[in-house]
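Q: Please take me through this structure one feature at a time. I would like the general idea behind each feature and then the case at hand.

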Amino acid sequence: TTDADQHAWRPRYHFSPKRHWMNDPNGLVHFDGEYHLYYQYNPQGDDWGNISWGHAVSTDLTHWQELPVAIPATDRLMAFSGSIVVDHANRGGFAPAGATVPALVAFFTGFDPGTKIQSQHLAFSLDRGRTFTPYAGNPVLDIGSTEFRDPKVFWHEPTQRFVMLVVVALEQQVWFYTSRNLVEWTRVSTFGPAGSADGNIWEVPELFALSVDDDPTRKRWVLIVSVNHGSLWGGSGVQYFIGDFDGTRFVADDAQPPTLWADHGRDFYAPIMFANMPDERVLWLGWCSNWEYARELPTQPWRGQQSAPRELSLVTTPRGLRLRQRMAAEMKALVGPEPLFTARENSAHMTAASLAQAGIQGRQLMVRLRALRAGLDSPIGLELLKGAGESVKVGFDPERNSFFINRSCAAPRFKGQSERHDAQRLSNANEIEIEAWIDGSLIEVLADGGSVALTDLVYARPDASCLGLFHGAAATVSLLEVHAMQATLCSP
Ligand code: FRU
């Protein structure tokens, strides 16, 4: 690949490290005016290895500053995925007596490359998340397993206890533990297997309560598991279960829970929420890649990118209760004040050429398209990154009643690129809506107000120009808006 390729593919408003390998987000937490993004990182190379917790901070969730590695790997222990809890009441006793600043307590899986044992460790920070001291009594949880990982820890107010979720990966199980002091843990329940095909493994559990239909008095609990190998399109993907949690046990609403996917593209994995938020929102972000080809992705000197932060809630659809993901409100600050291009009715001039004439260039865009469902007889959508031998499409297909990203026309640069990914539409409203957030090689589509999400990587040629609208003669376009996104990261 050339420098021009790398320049075109580099995300500018999504986080990627300046150089080297990154996978899962870890320990997402808001503390003292800063958002912390830790992540699985190889400080020495662009392939998975020497896994440490890399670190970036932001005050606004959109401009990220990369900081030194927070939890380094040692010869004897890598730091796999996990979470952070702010110990406000100093229940773990890690903050010195009388300290005014609470400890940030990171839980991660210590992986011993010799024995391959995975056990749960903790490390605490007394300097606003910059450096961490391993607890002398580590590991805090060890069952002698080589597939026991990704602790999620949070404070459960009603029972006045900390709760830890850990996966027993091959069994497709989440084990629940509780503790009053963060170091002594008691096993209290098990969830799974449920809703996953045989042979899959479960990773990175997450659990939160979400409001239903924007009513803060109606909440359901959602248990997330990241599933590897046999997900929707192969490789890795994210499943969720809706139910109830009483501080001890998660019970799914259905005895046979349906298989629900959080994202219907192929490049959204291991998402976790921000802990200790200053408001009631539940925000998460995930690693935009797929274990099936993550190590082959053609980028350098970085390899790996995180999604934008998305706000979560539950919405009632004709098919039942579903996860809804909308871009965090902070992202609006990056959207240019005036659209580069707007059209409010069908018009012949919405062609690739006229859009190009309107000065729509570059790969940092947000496009919103609304059209009427009634009468649609052929696919409608946006042709992105069109150029010699290249065409990537985002759209809605009335025949399948699905939203899709078709990356099958982009030059194949990794196994899996030549695919179309469809997501069933859930709404019956007459107006369909597509919101596409495009950033270099990353496309996040949130459709119909976020009831459908599709995230895909696309490595189109740098000279592939940007945008066109496609639709049949019967289509009624009610809105097309193209916005330039402010770039927030310097690319090397
Ligand atoms: C998920 C995962 C986790 C593990 C980490 C290792 O992508 O496999 O289960 O802790 O990545 O980097």
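**Sheets, strands, core and ligand shell**

A: Start with an open sheet of 5 strands, ordered S4-S3-S2-S1-S20, in which the pairing is mixed. Strands here are DSSP runs (E, at least two residues; helices are H or I, at least four), numbered from the N terminus, and two strands pair if DSSP finds at least two bridges between them. This is a predicted model, in which local features need pLDDT of at least 70 and side-chain atom pairs count only at pLDDT 80 or more, while totals for chains, interfaces and linings use all residues. Residues are numbered from 1 along each chain as its sequence is written.

Q: Which strands stand at the edges of this sheet?

A: Strand S4 (65–71) and strand S20 (302–303) do; each has a single partner strand, so one side of each is left without a neighbour in the sheet. S4 is joined to strand S3 (residues 52–58) by 4 bridges, and the two run antiparallel. Within that pair, Leu67 in S4 is the bridge partner of His55.

Q: How is pairing to be read in general, and what is the order of the open sheet of 4 strands?

A: Strands of a sheet pair through backbone hydrogen bonds, either parallel or antiparallel. The open sheet of 4 strands runs S5-S6-S7-S8 with antiparallel pairing. S5 and strand S8 (133–134) are its edges, each with a single partner strand, so one side of each has no neighbour in the sheet. S5 and S6 pair over 8 bridges, and Val85 has Val105 in S6 as its bridge partner. At the other end, strand S7 (residues 118–125) pairs with S8 over 2 bridges, with Phe124 opposite Thr133.

Q: How many residues of S5 are buried?

A: A residue is buried if 20 or more other C-beta atoms lie within 10 Å of its own, exposed if 12 or fewer, and partly exposed in between, with C-beta atoms placed from the backbone. In S5, 9 of the 10 residues are buried, so this strand is largely enclosed by the rest of the structure.

Q: Which way do the residues of S27 point?

A: In a regular strand the side chains alternate between the two faces of the sheet. From S27, Ser402, Phe404 and Asn406 point one way and Phe403 and Ile405 the other, and all are buried. Strand S27 covers residues 402–406. It pairs with strand S26 (residues 390–397) in the antiparallel sense over 5 bridges, and Asp397 stands opposite Ser402. The hairpin of S26 and S27 has 4 residues between the strands, and Asn401 takes a positive phi near 55° there. S27 is also joined by 5 bridges to strand S28 (residues 420–424), again antiparallel, with Phe403 opposite Ala423.

Q: Which residues of the largest nonpolar core touch the most other members?

A: A nonpolar core is a set of buried Ala, Val, Leu, Ile, Met, Phe, Trp, Tyr and Cys residues joined through C-beta atoms within 7 Å. The largest one has 134 residues, and Val105, Ala106 and Val445 touch the most other members. Strand S6 (residues 103–111) gives the largest share, 7 residues. Domain 1 (18–328) and domain 2 (335–484) both contribute to this core, so it lies between them. The domain bounds come from an automatic or database domain assignment.

Q: How many residues of domain 1 are in contact with domain 2?

A: Two residues are in contact if their C-beta atoms, placed from the backbone, lie within 7 Å. By that rule 28 residues of domain 1 contact 25 residues of domain 2. On the domain 1 side, S22 supplies the largest share, 5 residues. The C-alpha centres of the two domains lie 31 Å apart.

Q: Which residues come nearest to the ligand?

A: A residue is near a molecule if its C-beta atom, placed from the backbone, lies within 6 Å of it. Of the 13 residues around the ligand, Gln40, Phe80, Ser81, Glu203 and Ala270 come nearest. Strands that each supply at least two residues of this shell include S1 (20–31), S5 (78–87) and S13 (201–212). The shell divides into 5 nonpolar, 4 polar and 4 charged residues. Here Ala, Val, Leu, Ile, Met, Phe, Trp, Tyr, Cys and Pro count as nonpolar, Asp, Glu, Lys and Arg as charged, and the others, Gly among them, as polar.
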